[in-house]
Amino acid sequence: MIQDQILNEIEKNQNEFITLLQELIQAESYNPPGNEKNVAIVIEKYLKNVNIKTEVLSFGDNRANLIAYLNDNFKGKNLLFNGHMDVVPPGNEEDWKYPPLSAIIKRKKYIYGRGATDMKGGLAAMIIALKILKKLELKLSGNLILNAVADEEMGGLYGTKWCIENRLRTFKPTFAIVSEPTRLKPLPHIISIGERGSLLVKIVTKGISTHSTWPFMGKNAINMMSEIIQKLDKVDEYIPKIKPPLSIEELKNLMSAAFPSLEILENIISEQPILNNILKALTQFTKCFTIIKGGIKDNTVPDRCESIIHFRFSPGLKIDHIFDALKKLIEEDLGYNVKSELVGDTEEIFVYIENFKYLEGSYWKDWEKSTILKTFCGIVENVYNRKPFYFLHPAWSDAATIRNEEYCPETIIFGPGSGATAHLANEYIEIQDFINAIKVYTLFAYEFLK
Ligand SMILES: [Zn+2]
């Protein structure tokens with residue numbers, strides 16, 4: 001059987017695959033500033049050995065996106081594999097047990113390093129799947145396209161979005177997988193079919209400066225911001241009620257697929273407050289102040305205070321809804337003039353609001369009807385010996401761009417690693433999880449294209 005041939009190939013070359021993952025981690029690609037070209041060069045070299053066509057699309061200063069494909073025919077079924085090459089900076093290196101670029105192996109079980117989980121593990125597994133299909137010279141009727149992208153950690157404008165609008169525009173994929181880590185420890189892996197949108201709003205309150213000995217002669221911008229903070233919950237009343245794509249009950253039902261019964265899951269949820277919080281977050285409109293800055297001198301009434309609010313919301317809610325609600329709160333409830341430009345004379349009192357960063361959410365509406373998705377789920381279950389479950393992704397990722405641009409609605413996220421270690425010090429991946437992901441991607445690509 002060809003499936004056995006594929007699994008054999010993976011078993012006997014594990015050391016080579018682990019080395020590739022280590023080289024990807026060691027290729028520094030902290031974003032900002034990016035430096036993804038370091039990673040693209042490693043991928044290009046690895047795929048060249050088996051004659052896979054690779055295009056490195058360079059931009060900026062040492063940055064690049066990469067496209068590689070199995071053959072030159074794009075007219076049939078196209079399967080798209082997407083993974084980002086950039087990683088978040090390591091933070092304080094003293095917090096790391098091993099240097100973040102070391103990619104050191106511990107107890108023959110774990111690889112440590114920045115990006116091990118988010119997501120050079122998933123990216124490496126996809127690169128390897130492409131190589132195996134080529135190397136085994138299997139008879140296939142479609143094409144597998146690998147898109148290794150830049151810039152995901154900053155919103156993907158120069159990465160996935162750019163690739164879809166340019167080089168990949170004409171290669172319409174039938175199905176796409178993004179290899180972000182999807183293990184929800186202690187639960188099994190999820191197969192993600194959607195996520196919430198995300199909006200950062202910058203607010204600046206503009207007051208009037210004066211000496212703090214007679215504060216009433218000015219208008220304190222910090223006090224103005226404090227009024228907004230205290231009233232913020234009221235925006236909920238002004239925002240249209242949009243039903244989340246899946247309710248808490250529906251999410252629980254999906255999750256219960258990984259357990260012997262819904263009752264057992266209910267018990268686990270009651271013991272694990274984190275699960276309850278995830279369910280709550282995925283079905284609610286949430287908001288919180290994440291940054292506040294104000295004041296320049298200890299005896300001066302400040303005329304300026306800045307803050308950032310982070311909103312997350314179900315697909316369907318638009319940024320205009322949030323801006324209108326915020327405007328109404330500031331103008332009608334607090335009585336301040338709202339401006340969209342940060343200019344005014346020193347005596348002017350107003351509040352400025354700005355779309356600081358917007359990432360649209362997305363949802364694959366017809367996922368339940370898809371037979372190819374069931375095939376994928378079955379492969380994951382066989383390889384991991386544990387049932388995965390369908391779920392919403394807790395964070396934003398490039399999958400939203402692929403799904404939303406009317407490019408490929410049938411997009412899922414599935415990848416090795418647990419999101420809980422991503423972006424933290426001592427990020428690591430379990431080697432077995434990584435090897436299993438290689439098996440899943442290769443077996444699935446073969447099923448899809450045979
Ligand atoms: Zn990621």
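Trainee: What is the order of the strands in the open sheet of three strands?

Mentor: As a general idea, the strands of a sheet pair through backbone hydrogen bonds, either parallel or antiparallel. In this open sheet of three strands the order is E4-E5-E19, and the pairing is antiparallel. Strand E4 (105-106) and strand E19 (428-430) are the edge strands, each pairing on one side only. Strands (E, at least two residues) and helices (H or I, at least four residues) are DSSP runs numbered from the N terminus, and two strands pair if DSSP finds at least two bridges between them. The model is predicted: local features need pLDDT of at least 70 and side-chain atom pairs count only at pLDDT 80 or more, while totals for chains, interfaces and linings use all residues. Residues are numbered from 1 along each chain as its sequence is written.

Trainee: Over how many bridges do strand E5 and E19 pair?

Mentor: Strand E5 (residues 110-112) pairs with E19 over three bridges, in the antiparallel sense. Within this pairing, Ile111 has Ile429 of E19 as its bridge partner.

Trainee: Which helix lies across E5 and E19?

Mentor: That is helix H4 (residues 116-135), which runs at about 45° to E19. Such angles run from 0 to 180 degrees between N-to-C directions, with axes fitted as lines to C-alpha atoms, for helices over the stretch in contact. Residues are in contact if their C-beta atoms, placed from the backbone, lie within 7 Å.

Trainee: Is strand E3 mostly covered or uncovered?

Mentor: In a regular strand the side chains alternate between the two faces of the sheet. Strand E3 (residues 78-84) is mostly covered, with seven of its seven residues buried. A residue is buried if 20 or more other C-beta atoms lie within 10 Å of its own, exposed if 12 or fewer, and partly exposed in between, with C-beta atoms placed from the backbone. Asn78, Leu80, Asn82 and His84 point one way from E3, whereas Leu79, Phe81 and Gly83 point the other way.

Trainee: Which strands run parallel to E3?

Mentor: Strand E6 (residues 143-149) pairs with E3 in the parallel sense over seven bridges, and Gly83 stands opposite Ala148 in E6. Strand E7 (residues 175-178) also runs parallel to E3, joined to it by four bridges; here Leu80 stands opposite Ala176.

Trainee: Why is Asp72 exposed?

Mentor: Asp72 is exposed because 7 other C-beta atoms lie within 10 Å. Asp72 is found in the loop between strand E2 (63-69) and E3.

Trainee: What is the order of the open sheet of five strands?

Mentor: The order is E11-E13-E9-E15-E14, and the pairing is mixed. Strand E11 (286-294) and strand E14 (338-339) stand at the edges with a single partner strand each, so one side of each is left without a neighbour in the sheet. Helix H6 (residues 221-231) packs on this sheet and touches E9, E11 and strand E13 (304-313), its direction making about 20° with that of E13. Strand E9 (residues 197-206) runs antiparallel to strand E15 (residues 350-359), and nine bridges join them. Val204 has Tyr352 in E15 as its bridge partner.

Trainee: Which domains does the domain assignment give?

Mentor: Domain bounds come from an automatic or database domain assignment. For this protein, the assignment gives domain 1 (2-195 + 361-449) and domain 2 (197-242 + 285-359). Their C-alpha centres lie 39 Å apart. Seven residues of domain 1 are in contact with seven residues of domain 2.

Key:
Two residues are in contact if their C-beta atoms, placed from the backbone, lie within 7 Å.
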